[in-house]
Amino acid sequence: MIIDKLKRPVRDLRISVTDKCNFRCHYCMPEEIFGHKYEFLSKDKILTFEETIRLVKLFVQLGVHKIRITGGEPLLRQELDVLVKMLSSVSGIADIALTTNGYFLKEKAETLRNAGLKRLTISLDTLDPQLFKKTVGRQLELHRVLAGIEQAVELGFSPIKINTVLQRDVNDKEILKLADFAKNNGHIIRFIEYMDVGNLNGWRMDHVVPAQEIIEVISSKWSIEPIDKNYKGEVANRYRYVDGSGEFGIIASVTQPFCGDCTRARLSADGKIYTCLFASTGFDIMTPMREGASENKLFEILQSLWLERSDRYSEERLSFPDTSSERKVEMYQIGG
Ligand code: SAM
Ligand code: SF4
Ligand code: SF4
């Protein structure tokens with residue numbers, strides 16, 4: 001097992017399979033920038049499934065045993081089920097999860113489950129159909145996402161995780177409604193503090209709804225208590241409803257950073273490795289791979305990237321909260 005400069009092993013690999021998305025969430029791909037003329041990556045600039053699997057096998061040798069598929073919107077990648085199937089047969093991978101906006105889930109969930117997908121996280125910021133159109137930046141229908149969630153439950157993806165990014169004066173009045181929805185349907189909702197990922201979303205600290213406030217709002221209606229993390233490195237702080245009706249999580253990356261336990265590496269669709277969500281650059285592994293580098297050479301590159309890693313951006317942000325001048329990778333490129 002190798003460890004980075006802060007003694008953290010690499011356990012999880014997040015693979016972004018496309019930079020495209022059918023939503024234009026303001027905090028990730030604002031429409032003003034990602035309009036009709038925006039040029040996304042062409043097919044030849046995106047890792048093939050074979051190249052992805054080659055890298056996954058090398059990451060397994062370094063210590064990775066969990067994969068999360070993300071995007072952009074991963075369900076827009078053609079034949080994603082083929083990649084899931086290929087990942088399922090890599091020995092050493094114990095878990096394959098997917099994060100999606102859920103819009104195409106109803107149609108695709110069954111093929112993905114049959115291919116070996118184990119867990120699903122679905123992003124949902126509001127239960128109000130009008131606000132939904134506003135938050136996703138397009139005239140799209142909330143009921144499609146809800147139908148996708150229902151379909152996933154029927155197929156046995158349970159419990160479903162729901163990711164909700166809370167933004168001040170956008171959806172902060174919906175905490176109880178969303179918590180109730182999750183509780184009644186057996187889902188685990190995780191409220192996420194809005195993060196300053198990238199440079200395009202105009203993030204400000206006062207847009208963040210802090211974890212403490214989320215806890216106060218939920219406790220105003222239900223008795224809750226903290227519970228232990230499922231494993232070291234889990235990003236969400238967990239809470240249970242004392243009446244036994246379920247649990248929820250809070251990902252407090254802004255007010256209570258967890259860099260000390262961060263075991264995640266990220267691979268973008270264009271074949272760059274990022275050792276932090278807030279990195280300014282990624283290491284282009286696609287080029288040496290396409291120029292014929294051997295497995296040993298690629299392994300050495302990945303190993304040295306991890307050995308040199310010292311990222312702890314969110315902890316540093318606590319002391320220097322104005323990060324607007326730093327150049328950072330965008331969320332749609334690495335998928336959270
Ligand atoms: N398109 C898929 C989706 O939305 O689930 C996968 C990619 S998306 C980038 C992954 C997750 O990152 C989503 O749950 C999204 O809400 C979250 N996210 C995006 N931008 C964020 C930000 N600035 N702060 C916190 N979470 C963010
Ligand atoms: Fe698309 Fe997900 Fe980004 Fe929203 S958060 S724009 S759904 S990639
Ligand atoms: Fe990991 Fe970087 Fe996030 Fe810290 S800021 S938890 S190092 S991704």
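Which residue in strand 8 does Pro226 stand opposite? I began with this pair, working from a predicted model, and I found that the residue facing Pro226 is Tyr239 in strand 8.

**Entry: the sheet**

I then looked at how strand 7 and strand 8 are joined, and noted that strand 7 and strand 8, the latter covering residues 237–241, pair in the antiparallel sense over four bridges. Stepping back to the whole sheet, I counted off twelve strands in an open arrangement with mixed pairing, and I wrote down their order as 7-8-9-6-5-4-3-2-1-10-11-12. Strand 7 (224–227) and strand 12 (283–284) stand at the edges with a single partner strand each, so one side of each has no neighbour in the sheet.

**Entry: helices across the sheet**

I looked up which helices lie across this part of the sheet, and recorded that helix 6, residues 175–185, lies across strand 5 (161–166), strand 6 (188–193) and strand 8, running at about 150° to strand 6. Helix 7, residues 211–219, lies across strands 5, 6, 7, 8 and 9, and I noted its direction as about 160° to strand 9 (247–251).

**Entry: ligand 1**

I turned next to ligand 1, which is surrounded by 19 residues, the closest being Tyr27, Gly72, Thr100, Ser123 and Met195. For the polar atoms, I noted that a polar side-chain atom of Ser123 lies 2.6 Å from an oxygen atom of the ligand, that a backbone N or O atom of Met195 lies 2.9 Å from a nitrogen atom of the ligand, and that a polar side-chain atom of Glu73 lies 3.2 Å from a nitrogen atom of the ligand. Taken alone, ligand 1 exposes 550 Å², of which the protein buries 94%. I also asked which elements give two or more residues to the shell around ligand 1, and they are strand 3 (95–100), strand 5 and strand 6. By class, I recorded seven nonpolar, ten polar and two charged residues in the shell around ligand 1.

**Entry: ligands 2 and 3**

Around ligand 2 I listed Cys21, Phe23, Cys25, Tyr27, Cys28, Met29, Gly72 and Asn101, and this shell divides into six nonpolar and two polar residues, with no charged residue. Around ligand 3 there are 13 residues, of which Cys259, Cys262, Cys276, Leu277 and Ser314 come nearest. Strand 10 (264–267) and helix 10 (313–319) are the elements that give two or more residues to the shell around ligand 3, and I noted its classes as seven nonpolar, one polar and five charged.

**Entry: single residues in loops**

I looked up Phe40 and placed it in the loop between strand 1 (12–16) and helix 1 (49–62). Leaving aside its neighbours within four places in sequence, Phe40 is in contact with Asp19, Lys20, Arg24, Met29 and Phe34; Met29 is also one of the residues around ligand 2. From Phe40 to Tyr241 I noted a separation of 201 residues in sequence and 44 Å in space, C-alpha to C-alpha.

A cis peptide bond joins Ser158 and Pro159, with omega at about -5°, and I placed Pro159 in the loop between helix 5 (142–154) and strand 5. Glu79, although not a glycine, has a positive phi of about 55°, and I found Glu79 in the loop between strand 2 (66–70) and helix 2 (80–88).

Terms used. Residues are numbered from 1 along each chain as its sequence is written. Chains are lettered from A and ligands numbered from 1 in the order in which they are written. This is a predicted model: local features need pLDDT of at least 70, side-chain atom pairs count only at pLDDT 80 or more; totals for chains, interfaces and linings use all residues. Side-chain values use heavy atoms; hydrogens and water are left out. A residue is near a molecule or strand if one of its heavy atoms lies within 4 Å of it. Ala, Val, Leu, Ile, Met, Phe, Trp, Tyr, Cys and Pro count as nonpolar, Asp, Glu, Lys and Arg as charged, and the others, Gly among them, as polar. Two strands pair if DSSP finds at least two bridges between them. Contact means heavy atoms within 4.5 Å. Axes are lines fitted to C-alpha atoms, for helices over the stretch in contact, and angles run from 0 to 180 degrees between N-to-C directions. A polar contact is a pair of N or O atoms within 3.5 Å; within protein, one must be able to donate a hydrogen and the other to accept it, and residues adjacent in sequence count only if both atoms are side-chain atoms. Accessible areas come from the Shrake-Rupley method with a 1.4 Å probe; for residues, only the protein chains shown count as cover.
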